[in-house]
Each structure stands twice: as C-alpha cells, then as structure tokens.
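Please look through the sequence and the model shown below before reading the report.

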Number of protein chains: 2
Amino acid sequence: MSQTTKALIALREMIIGGGIKPGERLVELPLVERLNVSRTPIRAALATLAEEGLIDRLPSGGYVSRKFNEQDIKDAADARGMVEGMAARLCAERSVSQDAICQLNKHLNQIERLLENRRLSSDDIEQYLLINDRFHQDLVQMSSSFVVEHLHERVRALPFASPSVFALAEAEYDQSWKIFFIAQEQHRGIVEAIEQREGMRAEALAREHARLALKTLLRVFHNRTSSAQLA
Amino acid sequence: MSQTTKALIALREMIIGGGIKPGERLVELPLVERLNVSRTPIRAALATLAEEGLIDRLPSGGYVSRKFNEQDIKDAADARGMVEGMAARLCAERSVSQDAICQLNKHLNQIERLLENRRLSSDDIEQYLLINDRFHQDLVQMSSSFVVEHLHERVRALPFASPSVFALAEAEYDQSWKIFFIAQEQHRGIVEAIEQREGMRAEALAREHARLALKTLLRVFHNRTSSAQLA
DNA sequence: ATCGATAATATTGTATACAATAAATAGAAT
DNA sequence: ATTCTATTTATTGTATACAATATTATCGAT
C-alpha cells in the first residue's frame with residue numbers, strides 16, 4: 001500500500017471518526033508527525049479529500065474539515081438516489097443483457113437467504129451491507145455510462161450517503177428489521193422495471209430506495225446525536 | 001497564478017484541443033519540458049484532471065487521456081440536466097427568497113435584451129454564454145445544497161457538458177438562432193416553476209433544457225466531425 | 001485602549017534528488 | 001522462432017530543502 005493511500009485512509013478515518021473536529025484546519029506539518037508520512041503523500045491525500053467534499057479548500061491555501069448538518073446528509077442521500085436513479089433508468093433504456101439481470105438477481109437471492117432468519121446477527125448485517133453494495137455497484141456499471149459511474153464515485157464518498165456500519169447498531173432494535181424487507185422489495189422492483197424497460201419506474205424506485213436508507217440513518221442519529229461529524 | 005493552475009489550464013487545453021490525443025499516456029518528465037513547470041505542480045494537475053474525469057488513472061500508476069464518444073457527450077448532458085434539475089427542484093421546495101428570484105430574472109432580462117437583435121454577433125453570443133452560465137450557476141447556489149454544488153462542479157468539468165464556444169460557430173447558421181428563444185422560454189419556465197413551488201416541473205424543465213443544449217452541440221459535431229477529442 | 005504598520009513566524013507552494021516500481025530490452029534455453 | 005529470465009531503462013512514488021506567501025505577534029502612534 002502506498003504512503004498516499006495510507007495517509008488518505010488515516011485522514012478519512014480521523015475526519016469521520018472525530019479525531020479531527022469540524023472547522024479544524026488541517027496543517028500539513030503536524031500531520032506528518034501524526035501519520036508518519038512525508039508531506040508529499042499528505043498533500044495528495046488532502047487534495048483527494050477536498051475533491052470528495054470531506055474538507056474545504058481555503059482560498060488562501062490549506063484545508064479545513066467541513067462540518068455537516070442534517071440537511072447535508074439528506075441532500076447526500078437525495079443525490080445518491082438521483083445518480084442511482086439515472087443508472088437504473090439507463091439500464092432500462094439501454095436494454096441490459098439477460099446475463100446482467102441474472103447477476104443482479106443473484107445478489108438479491110443471496111440477500112433473501114440472509115433474511116430467512118428473522119433475527120439478523122452482526123455478521124449477517126455485515127454480509128448484507130456487502131452484498132447490497134455489490135448490487136448497487138453492479139447497477140451503476142450496467143448503465144454503461146462512464147459519467148454515471150464517475151458521479152456515483154463522488155456521491156459514494158460523501159459522508160453517510162451510503163448505508164454504513166453506523167446503521168448496524170440500529171438493526172438490534174426490533175422495530176427496524178422490517179426495513180430490510182422493504183428495501184429488498186424495492187430491489188426486486190428496480191430489477192423488474194429494468195427488465196421490462198420501464199425507465200421512469202426504475203428511476204423512481206431507485207430514488208425512493210435512497211430515501212429509505214436515509215430514514216434509517218436519521219433514526220440512528222436521533223437516537224445518539226453524539227456522532228462526531230455532526231455539527 | 002500558481003504553477004499548478006498554469007499546468008492545469010495548459011493540460012486541459014492540450015487534451016480538449018487535441019495536443020494530447022485520446023489514449024495517449026501522460027508522462028510527467030516530458031510534460032515538465034513542454035510546460036516549463038516542475039513535476040510537483042504537474043502531478044497535482046494530473047490528479048485534478050483525473051478527478052474531473054478527463055484522464056484515466058492507470059492501475060500501475062500514471063495517466064492516459066480518455067477518449068470520449070458521442071454516447072459520453074449525451075450522458076454528460078443528461079447528467080448535467082439531472083444535477084441542475086435537482087437544483088431547480090430544491091429551489092422550489094425550499095422556497096428561495098424573492099431577492100433570489102429577482103436575481104435570476106435580472107439575468108434573463110439581460111438575455112432578452114441581447115435577443116432583440118435577431119442577428120447575433122460573435123460578441124453577443126459570447127455575452128449570452130456568460131450570462132447563461134451565471135444564471136445556471138446562481139440556480140445551483142440557490143438550492144443551498146453543498147452536495148448539489150459539489151456534483152455540479154464535477155458535471156461542469158466534463159467535456160462538452162456545458163454549452164461551449166464550439167456552439168458559437170453554429171449560431172451563424174440561420175436555422176439555429178431560434179434555439180436561443182426556446183432556451184430562454186425554458187429559463188422563464190424554470191424560474192416560474194420555482195416561484196410557484198412546483199418542484200417536479202422545475203426539475204423536468206431543467207432536464208429538458210439540458211437536452212436542448214445537447215441537441216445544438218451534436219448538430220455542430222455532425223457538421224464538422226474533425227473535433228480533436230472525439231474518438 | 002485601538003488601530004495600523006512592520007517584523008517575526010508559521011504555512012503552503014515548488015523544485016529536485018533519491019527510492020521503489022514498472023516497462024522494455026537483450027540474451028539464453030528450448 | 002518463441003518463451004522465459006535477467007538486466008537495463010523509464011517512470012512514478014516519496015522525502016526534503018528552499019521559496020513564496022499568509023498569518024500572527026510586536027510595537028508605536030493616535
């Protein structure tokens with residue numbers, strides 16, 4: 001693993017995890033000591049983080065950690081829905097191959113198998129997130145649009161735009177295991193719409209799907225507002 | 001102007017303008033000589049260009065100039081419509097101030113004044129592009145969503161996603177000056193929809209507006225296919 | 001005490017040397 | 001001739017010294 005990657009991961013973790021507080025300036029030299037990497041890879045990592053939208057470039061040079069409010073999280077989810085919605089629509093309009101549909105269904109079948117045990121273990125949920133991610137990733141790939149792929153990368157990098165491990169704890173609550181079933185129903189709907197070339201429906205479903213993820217996420221936050229990144 | 005900015009602009013111009021051909025690898029040392037800038041700012045510029053999607057990062061390190069086909073241009077326009085559509089919708093949903101509406105209308109009035117002379121000079125068109133850009137930029141700003149702003153920056157950087165000077169020549173043709181009126185009508189529609197809090201309509205109009213820009217652009221390309229960037 | 005100018009310091013921007021890695025070439029074995 | 005390996009070369013990755021700039025502190029004037 002390159003030094004740049006090392007710095008990037010460490011910094012991301014510090015920002016999300018609260019090691020660097022919102023509004024705090026990211027000075028290069030101190031980071032050299034904290035991360036045991038020279039300035040060059042740190043600068044590269046900072047540039048990347050700025051592109052990802054996690055930190056802000058100061059007009060006079062340097063960076064500060066952004067602070068995100070609840071509205072930002074909602075917007076991020078909305079944007080994610082928009083991009084994945086476009087992906088789904090393009091899949092429908094461009095008649096993806098039967099093979100592609102099968103691959104999507106394969107993921108969904110795996111999820112279904114997970115959901116057979118009504119009580120999901122932590123491992124199950126981790127599994128779920130993994131497969132879920134693959135499903136969405138494949139969907140984007142199948143749109144055959146480099147632009148959509150490109151935007152999806154950006155949207156995925158936004159904090160909390162993706163269903164995260166934070167949502168993990170949530171699953172313990174009895175009230176929320178239904179979420180998985182609803183999400184799965186939406187997954188099926190999206191694939192069905194694509195198969196039937198119903199672009200508009202595919203897009204709408206993908207958007208709604210993002211809203212569901214958001215709802216779960218926000219509930220978690222309201223339970224424990226102590227999240228480091230939140231203003 | 002910093003060396004990095006200098007390198008960035010020069011490289012962008014070389015890629016779009018054809019000085020660097022699609023598929024060509026961008027080796028740092030030769031670029032140092034061609035641009036009279038050291039490796040450090042060149043590396044920074046290359047990283048930025050990769051984020052913008054103009055060049056591809058090789059898994060083994062280094063970059064190659066991307067080649068864009070007609071589908072990519074269509075997708076870019078589509079994506080632009082999607083982002084500006086979301087911006088318009090948010091403006092509507094979030095009840096932008098009367099001041100904001102006035103500012104948008106101010107731009108539109110300026111455009112209207114330009115369009116009074118049926119025959120537009122090159123200067124007029126340049127003016128138009130400038131004002132048009134400000135209108136769209138303001139629209140995005142007024143959505144008060146940093147996510148939308150963020151994505152808009154990405155989408156704007158995509159080649160040909162924005163109405164460009166290429167379209168300039170096109171305006172000479174008698175058949176195409178109507179385009180400006182249609183575009184203006186859409187502009188008015190978008191603002192009206194925002195004013196009346198019709199989110200869905202605002203979004204749809206913004207999307208359609210992007211398709212119109214695309215149509216113009218594609219016509220130009222079909223007339224003179226010799227464009228450097230096109231595969 | 002407050003403001004402004006100037007000096008001191010901190011911080012980023014740039015160049016470059018060196019290290020690590022990838023690509024290309026040449027040579028040997030089959 | 002072809003493939004594999006060894007060696008060379010080309011290219012990127014990293015560290016660091018120096019330059020330019022921005023920020024902060026100091027001091028004097030009002």
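## Basis of the model

This is a predicted model, in which local features need pLDDT of at least 70 and side-chain atom pairs count only at pLDDT 80 or more, while totals for chains, interfaces and linings use all residues. Residues are numbered from 1 along each chain as its sequence is written, and chains are lettered from A and ligands numbered from 1 in the order in which they are written.

## Chain A

Chain A has 10 helices and 3 strands, taken as DSSP runs numbered from the N terminus (helices: H or I, at least four residues; strands: E, at least two). Read from the N terminus, the order of these elements is α-β-α-α-β-β-α-α-α-α-α-α-α.

Of the 231 residues in chain A, 36% are buried, that is, have 20 or more other C-beta atoms, placed from the backbone, within 10 Å of their own.

## The surface near DNA strand C

DNA strand C is surrounded by 15 residues, the closest being A:Gly61, A:Gly62, B:Ser2, B:Gln3 and B:Ser38; a residue is near a strand if its C-beta atom, placed from the backbone, lies within 6 Å of it. At least two residues each come from α2 (28-35) of chain A and from α1 (3-17) and α3 (39-52) of chain B, and α3(B) gives the largest share, 3 residues.

By class, this surface has 4 nonpolar, 9 polar and 2 charged residues, where Ala, Val, Leu, Ile, Met, Phe, Trp, Tyr, Cys and Pro count as nonpolar, Asp, Glu, Lys and Arg as charged, and the others, Gly among them, as polar.

## A helix pair in chain B

Helices α4 (residues 70-93) and α9 (residues 178-195) of chain B pack at an angle of about 35° with their axes 7 Å apart, the axes being lines fitted to C-alpha atoms over the stretch in contact and the angles running from 0 to 180 degrees between N-to-C directions. B:Ala88, B:Cys91 and B:Ala92 in α4(B) meet B:Ile190, B:Ala193 and B:Ile194 in α9(B), contact requiring C-beta atoms, placed from the backbone, within 7 Å. The contact of α4(B) with α9(B) comprises 6 nonpolar, no polar and no charged residues.

Terms used
Two residues are in contact if their C-beta atoms, placed from the backbone, lie within 7 Å. A residue is buried if 20 or more other C-beta atoms lie within 10 Å of its own, exposed if 12 or fewer, and partly exposed in between; C-beta atoms are placed from the backbone.
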